[in-house]
Amino acid sequence: MTTNEITSAPARLDYARTVPKVFRAMIALDAAAREGLDPALVELVQMRTSQLNNCAYCLDMHAKDARKAGETDERIYLLPVWHEAPAGVYSERERAALALAEEIVRIGAGVSDAVYARAADHFAEAELAQLISVCFTINAWNRINITTRKTPGTL
């Protein structure tokens with residue numbers, strides 16, 4: 001199956017309706033993971049994770065949520081190449097969070113000591129735990145929505 005066949009394929013099932021208890025638990029986990037973190041930072045991390053995981057549904061949703069949280073088009077457009085973005089587009093704190101999120105997505109290689117230490121330099125321990133929680137929660141959402149072929153722009 002080609003990428004075009006996958007993206008044009010119909011949704012497989014309505015996850016929220018089929019397993020409402022699990023869905024509600026995921027919603028609660030997502031809300032708990034975000035606590036105490038800047039909403040714009042959370043959206044950047046969720047968008048970048050969704051880009052790497054090829055989850056169109058989550059990328060669409062979080063780009064819209066990022067705009068509502070005050071994100072600029074420039075920062076949204078440059079997110080795939082944040083490493084190369086001009087100085088000042090993303091703060092060092094945001095860069096540390098994005099680097100951590102990328103290594104969590106690519107967990108097969110582990111999270112390097114350097115990336116973890118960089119994040120720990122910019123986030124208090126409780127914030128770092130919340131950030132890690134945001135990362136594993138969006139990874140789970142990506143897997144659910146890709147597997148069920150959730151269509152971008154739908155509820």
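This is a predicted model: local features need pLDDT of at least 70, side-chain atom pairs count only at pLDDT 80 or more; totals for chains, interfaces and linings use all residues.
Trainee: Where do F23 and W141 sit?
Mentor: F23 is in helix α3 (residues 20-34) and W141 is in helix α9 (residues 125-147), so the pair ties together parts that are 118 residues apart in sequence. Helices here (H or I, at least four residues) are DSSP runs, numbered from the N terminus, as are strands (E, at least two).

Trainee: Is W141 buried or exposed?
Mentor: W141 is buried, with a relative accessible area of 9%, while F23 is partly exposed at 26%; buried means under 20% relative accessible area, exposed over 50%, and partly exposed in between (1.4 Å probe, protein chains only).

Trainee: What about α5 and α9, at what angle do they pack?
Mentor: Helix α5 (residues 56-68) and α9 pack at about 125 degrees, with their axes 8 Å apart; the axes are lines fitted to C-alpha atoms, for helices over the stretch in contact, and angles run from 0 to 180 degrees between N-to-C directions. That makes α5 oblique to α9, since angles under 35 degrees count as roughly parallel, over 145 as roughly antiparallel, 65 to 115 as roughly perpendicular and the rest as oblique.

Trainee: Which residues make that contact?
Mentor: Y57, C58 and H62 of α5 meet I138, W141, N142 and N145 of α9, where contact means heavy atoms within 4.5 Å. These residues divide into 4 nonpolar, 3 polar and no charged, with Ala, Val, Leu, Ile, Met, Phe, Trp, Tyr, Cys and Pro counted as nonpolar, Asp, Glu, Lys and Arg as charged, and the others, Gly among them, as polar.

Trainee: And how does α7 pack on α9?
Mentor: Helix α7 (residues 92-105) and α9 pack at an angle of about 45 degrees, with axes 10 Å apart, which makes α7 oblique to α9. Their contact involves R93, A97, L100, A101, I104 and V105 of α7, together with E127, L128, L131, I132, C135 and N139 of α9, and these residues divide into 9 nonpolar, 1 polar and 2 charged.

Trainee: Switching to R118, where is its place?
Mentor: R118 is in helix α8 (residues 113-122) and is partly exposed, with a relative accessible area of 29%. Leaving aside its neighbours within four places in sequence, R118 is in contact with E92, R95, A96 and A99.

Trainee: Last one, what is the phi of N54?
Mentor: N54 has a positive phi of about 60 degrees although it is not a glycine; N54 lies in the loop between α4 (39-52) and α5 and is exposed, at 63% relative accessible area. R149 also has a positive phi, near 60 degrees, and is a residue other than glycine, but R149 is found in the segment after α9 and is buried, at 16%.

Terms used:
Residues are numbered from 1 along each chain as its sequence is written. Side-chain values use heavy atoms; hydrogens and water are left out.
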